[in-house]
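Here are my notes on the model, as numbered points.

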Amino acid sequence: MMNVNRFVVFSKSVKLTKRLLVCHVRPAGKQELHVQQQRSIKTHSRNLAYAKDLFLGQVNKAEVFPYPEIGNEEVDELNQLVAPVERFFSEEVDSAKIDREARIPPETLNGLKELGLFGIMVPEEYGGLGLSNTMYARLAEITSLDGSIAVTLAAHQAIGLKGILIAGNEAQKEKYLPKLASGEHIAAFCLTEPGSGSDAASIQTRATLSEDGTHYLINGSKFWISNGNMADVMTVFARTEVVVDGEKKDKITAFIVERAFGGVTNGKLEDKLGIRGSNTCEVNFDNVPVPVENVIGEVGGGFKVAMNILNSGRFSMGSSSAGMIKKLIEMTSEFAMTRKQFNKRLGEFGMIQEKFALMALNAFVMESMAYLTAGMMDRPGLPDCSLEAAMVKVFSSEGGWICVSEALQILGGLGYTKNYPYERFVRDCRILPIFEGTNEILRMYVALTGMQYAGKIITGKIKEMKKGNIGLALGMVGQKLRTSLGGSVDLGLTGKDGVVHPSLAESAKKLELNVSLFGSTVESLLYRFGKSIVDEQLMLKRVADVLINLYAMTAVLSRASRSISIGLRNHDHEVLLANTFCSEAFFKNNYWMTQLQKHAPENNDANIKKIAREVLENRAYVCSHPLERTY
Amino acid sequence: MSGRVLVGVKRVIDYAVKIRVKPDNSSVVTDGVKHSMNPFCEIAVEEAVKLKEKKLIKEVVAVSCGPQQAQETIRTALAMGADRGIHVEVSGKDYETLGPLQVSKIMAALAKKEEAQLVILGKQAIDDDCNQTGQMTAALLDWPQGTFASEVAFDGDKIKVVREIDGGLETIMISSPAVITADLRLNTPRYATLPNIMKAKKKKIANVKPADLGVDLTSRLEVLRVDEPPQREAGVKVETVDDLVSKLKDAGRL
């Protein structure tokens, strides 16, 4: 199988060489081409962090090694902060009751406010705790023990007031943040509408400027709004008319809307499968007057504000899922080591052991990814970690869903009853792959952003070569020949200047092989499809899945290397987990990348699409019943 | 009166943790195990902070004896409302043999040095269950003591203490300065909220060595062996009294 791959890659590079030799005869690139290329690189530069270079088959070591650390003082502070929150959750939070009555009791909500959990990332000068992304992720491990509380808090501060925090001006921050941080006011994020979910740019809520230009009138309906019925301050997105280059255009603007402005009404609370204690409802705006001072950022710049807000909150799902799985491991292992069947404890059976390994591996990877991302985000210079955060979200939501299901399975029939919390965890977790950007959309986002970046770089290189840069051409061809003829791949993770600890060298090699193959796979996809890759969702899905695994492998190798180097307790177990995960991911990645090759027999996409087309045309299952006869 | 209250807080293994004995039976496993403030010490801190809030006293000083980690416990007390802390550094062998006698000598020395009006301690620690430190401290200082307090009230320059005793409740009047040890029903300790923890970072913790206080830490006790409690065995049902007597004789109990 691998030989076929190599041949395919080799044949591509031969074709490339032929094209180059032809091109180089033409006159060197015109001046304007050169200028255009420079400009496109400048506007493209988003200061993206680590993941983008994986699309080029490169590992940007400096971004992810060594694993981010926080200072001694901060570790002490963190331990101090974690203790009362853990205690509060184990003593004062009755999750079963919250789920049964579908509400969080006011006393519990007050306790959370007093603990300071409503303003974790709000700067101290506005009355918050001023904690970093890393600290926020650590606290999310504890708040996730109750899904409803976790979502209520996240809707309030990870998205509800985030807009004011990251894009608001001084006046807005001073006016709104103090009461939001103390929990006196609760915030909500109002973007989604009945007709606009994943397609957020298509929202219809309108904001029209008044005659005297002092305020906007907002009209429209928002749907699925968490904290919708108790929020006092809402970040609302609406279409406004703007004039761009003399043309009238409809662009989205972000507003801070107070319930007190009048005209804001709620629909009834939605009766949900899980996170039942979190309030979700429709919010209607009927000629709500909003002063122009309440526009967040620029008029017409709302979509970007929305994306920035959503991107900045996602990474914490990694630590909250990890926290939940760790708790489940404690609860289920107690059961597995006491219950006996066939005169053996459950924990001695292979299929049960597999479930515990699954949970441990998932928790390990999620933690590693979450804190790596948080550490990158906490670096000065505001790096754009939106790709990494999206990847953490996809992995954690799906991993979490599988793990809670397996945890319930360990308990068997008992797990299925309301006497145990497992069924609640399952119900609460089901929302994770859906909200904060469905996993389908995030996969597309991750794959396309990366491919766009790779495409620009490759186009840039081709332009250079067209201008007659033979050295570059030969370099590229040489590299391709080397790798395709079986030369070893060395991306600098191991060896003399290696950043990975020697005990993890094998796994690091696997990662390097995967990354290298990924780079060439991406390149060949771009050649095959060009811009139309946007429509090839099943291909992009695989690209995204491989990328997520690559990031996960990077995170565990970085974390485990650090643990060994500093001699953390139980680092041997970490090495075990890291190597096991990397090995599994390596083979999965290779399989997916094989499916991505042209004419790969492993790829059933054409058939899958055909089946789907026929079923959807029929609006039902297509086959005749097996018992039917023809006469 | 100085209006200053000294509160002793001890860092112990968290009450929820499953205790394990070291393989060499020398002591209990403490490495990597979750520790927190002794629950009765929390009640003591809460009482002191309440007295300050009622403006009956002016300053609450939290004291802990132990290694570097004892500072975490003092920080928790500061986050609950204590004004400043004193960390008496005791580590290594000295810490392993540190017991009520040594701690009470330290507390007595500090009470004199800080001119404390009141010393409040937890009635006992949940790791050694000694229930001695408060009483020994009072004896060393020759101060009156109100132990197992479930209620404390100031009455002029006297203190009224309601004590939980085996027979019920006993009310005594003692003069100050005095030593009080807190029992379970004295109060419900508050949560150290995150904003208070942040504020507590600015409060001071002074470092003191036992030698500076002129205290001799040598212990008169030697721990020979630590064992886990025996596993509970299944019970046996018997039909008649004669059966019972013969079974007990068999087991060597009669």
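1. In this predicted model, helix α19 (residues 537–566) of chain A and helix α20 (residues 571–595) of chain A have axes that come within 9 Å and cross at roughly 160°. An angle over 145 degrees counts as roughly antiparallel, and α19(A) and α20(A) are therefore roughly antiparallel to each other. Their crossing is left-handed. Sorted by class, the residues in the contact of α19(A) with α20(A) are 16 nonpolar, five polar and five charged.

2. A second pair in chain A is formed by helix α13 (residues 350–377) and helix α14 (residues 386–411), whose axes come within 9 Å and cross at roughly 155°. By the cut-off of 145 degrees, α13(A) and α14(A) are therefore also to be described as roughly antiparallel to each other. The crossing of α13(A) with α14(A) is left-handed. Their contact has 16 nonpolar residues, with six polar and three charged ones.

3. How do the axes of α14(A) and α19(A) cross? They come within 10 Å, at an angle of roughly 100°. The range for roughly perpendicular is 65 to 115 degrees, so α14(A) is roughly perpendicular to α19(A). On the α14(A) side the contact is made by A:E388, A:M391, A:V392, A:V394 and A:F395, and on the α19(A) side by A:L547, A:I548 and A:Y551. By class, this contact of α14(A) with α19(A) has seven nonpolar residues, no polar residue and one charged residue.

4. Most residues other than glycine have a negative phi, and most peptide bonds are trans. In chain A, the peptide bond from A:F65 to A:P66 is cis, with omega near -10°. A:P66 sits in the loop between α3 (61–64) and α4 (72–92) of chain A.

5. Chain B has a cis peptide bond from B:S176 to B:P177, with omega near 5°. Where is B:P177 found? The loop between β9 (168–175) and β10 (178–182) of chain B holds B:P177.

6. A:N287 is a residue other than glycine with a positive phi, near 50°. A:N287 belongs to strand β7 (residues 280–291) of chain A.

7. On confidence, chain A averages a pLDDT of 88, and 91% of its residues score at least 70. Over residues 1–45 of chain A, pLDDT stays under 50. For that stretch the model has 31 contacts beyond four places in sequence. Where pLDDT is low, the predicted coordinates should not be read in detail.

8. Chain B averages a pLDDT of 92, and 100% of its residues score at least 70. For the complex, the predictor gives an ipTM of 0.73 and a pTM of 0.83.

9. One annotation comes from a record: an unreviewed UniProt entry lists residues 25–217 of chain B as "domain: Electron transfer flavoprotein alpha/beta-subunit N-terminal". In the model, residues 25–217 of chain B are 31% helix and 30% strand. The end C-alpha atoms of that stretch are 24 Å apart.

Definitions and conventions
Residues are numbered from 1 along each chain as its sequence is written. Chains are lettered from A and ligands numbered from 1 in the order in which they are written. This is a predicted model: local features need pLDDT of at least 70, side-chain atom pairs count only at pLDDT 80 or more; totals for chains, interfaces and linings use all residues. Side-chain values use heavy atoms; hydrogens and water are left out. pLDDT is the predictor's confidence in each residue, from 0 to 100. Contact means heavy atoms within 4.5 Å. Axes are lines fitted to C-alpha atoms, for helices over the stretch in contact, and angles run from 0 to 180 degrees between N-to-C directions. Helices (H or I, at least four residues) and strands (E, at least two) are DSSP runs, numbered from the N terminus. Angles under 35 degrees count as roughly parallel, over 145 as roughly antiparallel, 65 to 115 as roughly perpendicular and the rest as oblique. A crossing is left-handed if the near helix is turned anticlockwise from the far one by less than a right angle, and right-handed if clockwise. Ala, Val, Leu, Ile, Met, Phe, Trp, Tyr, Cys and Pro count as nonpolar, Asp, Glu, Lys and Arg as charged, and the others, Gly among them, as polar. UniProt positions are given in the numbering used here, feature names are shortened, and annotations may be inferred rather than shown by experiment.
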